Amino acid sequence: AFLMDDDGRGKANYINYGFTNGAQFYYYVAARDVLGRDGMLSTGLLATVCDRMPPLPPTDVHVLNNYRYNPSTQTSNQDLMVKWKQSTQTNDVVTNYWVYRWTNQLEMNLYSGNYSNNLIAVVPAIPNSTYNTFLDNGPGSPSALGAYGQTFWYTVRAGDAGACGQNLSAPAGPAFGVLRQRAGPAAGTGYIEIRSEERRVGKECRSR
């Protein structure tokens, strides 16, 4: 036999007496005879109320080119920065964001069902901030030396503070970014040539 304790949810005038994410309760079972007398209680079983609903995904995912030039050394660095709008319109407390990088959309469609595939960062949520960012400049990130003109795709998931394990939202995006060659061509070389032309008018020789 089994009994489902739903705390009376769905009934008229429902009052939540503590069925919140992370709440814990002990349950006991006793047999009852035909006269309605309870027997000895069983060993208590500790149960935890778990929120299994994922948060809403973030919105407005886009990728920026983070370009920096050092005039002293005449060197430049370029990375891709992922930016998104945090999930604030939700009852769940979002604690972090999972950022993924893909080399093409086919790869993303094939492997995005597994939360760990192509994960490149877990970024903490920023309280009271509309946007959050991640600069993709760690190991294995797109390199300006070997990835000029190549397209990279990014998706972002929101993660909540589930008491029995984090719940992840659906992926937001995708958004793409491309590293661009921003250095101009080398300076040309040249010189100034002065041309002299002579012509004769009558017996005069004029130079111009």
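**Close-up views of a predicted model**

**View 1. The second largest pocket.** The second largest pocket holds about 160 Å³ of space. This is a predicted model, in which local features need pLDDT of at least 70 and side-chain atom pairs count only at pLDDT 80 or more, while totals for chains, interfaces and linings use all residues. Residues are numbered from 1 along each chain as its sequence is written, and side-chain values use heavy atoms, with hydrogens and water left out. A pocket is an open set of points on a 1 Å grid over the protein atoms alone, where a 1.4 Å probe fits and protein lies on both sides within 12 Å along at least five of seven lines. Its volume is the space filled by probe spheres set on the points, which are joined across faces, edges and corners. Twelve residues line this pocket, and S87, T88, V93, V94 and A125 lie nearest its centre. The lining has six nonpolar, five polar and one charged residues (Ala, Val, Leu, Ile, Met, Phe, Trp, Tyr, Cys and Pro count as nonpolar, Asp, Glu, Lys and Arg as charged, and the others, Gly among them, as polar).

**View 2. The salt bridge between D136 and R101.** The side chains of these two residues meet at 2.8 Å, N to O. D136 lies in strand β7 (residues 131-136) and R101 in strand β5 (residues 94-102), so the pair, 35 residues apart, links distant parts of the chain. Strands are DSSP runs (E, at least two residues), as are helices (H or I, at least four), numbered from the N terminus. A salt bridge is a side-chain nitrogen of Lys or Arg within 4 Å of a carboxyl oxygen of Asp or Glu. D136 and R101 are both buried (under 20% relative accessible area; exposed is over 50%, partly exposed in between, with a 1.4 Å probe and protein chains only).

**View 3. Two further salt bridges.** The structure holds three salt bridges. One of them joins the side chains of D38 and R32 at 2.9 Å, N to O, and both of these residues are exposed. In another, R37 meets D33 at 2.8 Å, N to O. D33 counts as partly exposed because its relative accessible area is 32%.

**View 4. L46 in its strand.** L46 is found in strand β2 (residues 45-48). This residue counts as partly exposed because its relative accessibility is 39%.

**View 5. The whole chain.** The protein chain has one helix and eleven strands. From the N terminus on, the elements run β-β-β-β-β-α-β-β-β-β-β-β. Of the 208 residues, 27% are buried.

Note on methods
On a 1 Å grid over the protein atoms alone, a cavity is a set of points where a 1.4 Å probe fits but cannot get out, and a pocket is an open set with protein on both sides within 12 Å along at least five of seven lines; lining residues have an atom within 4 Å of a point.
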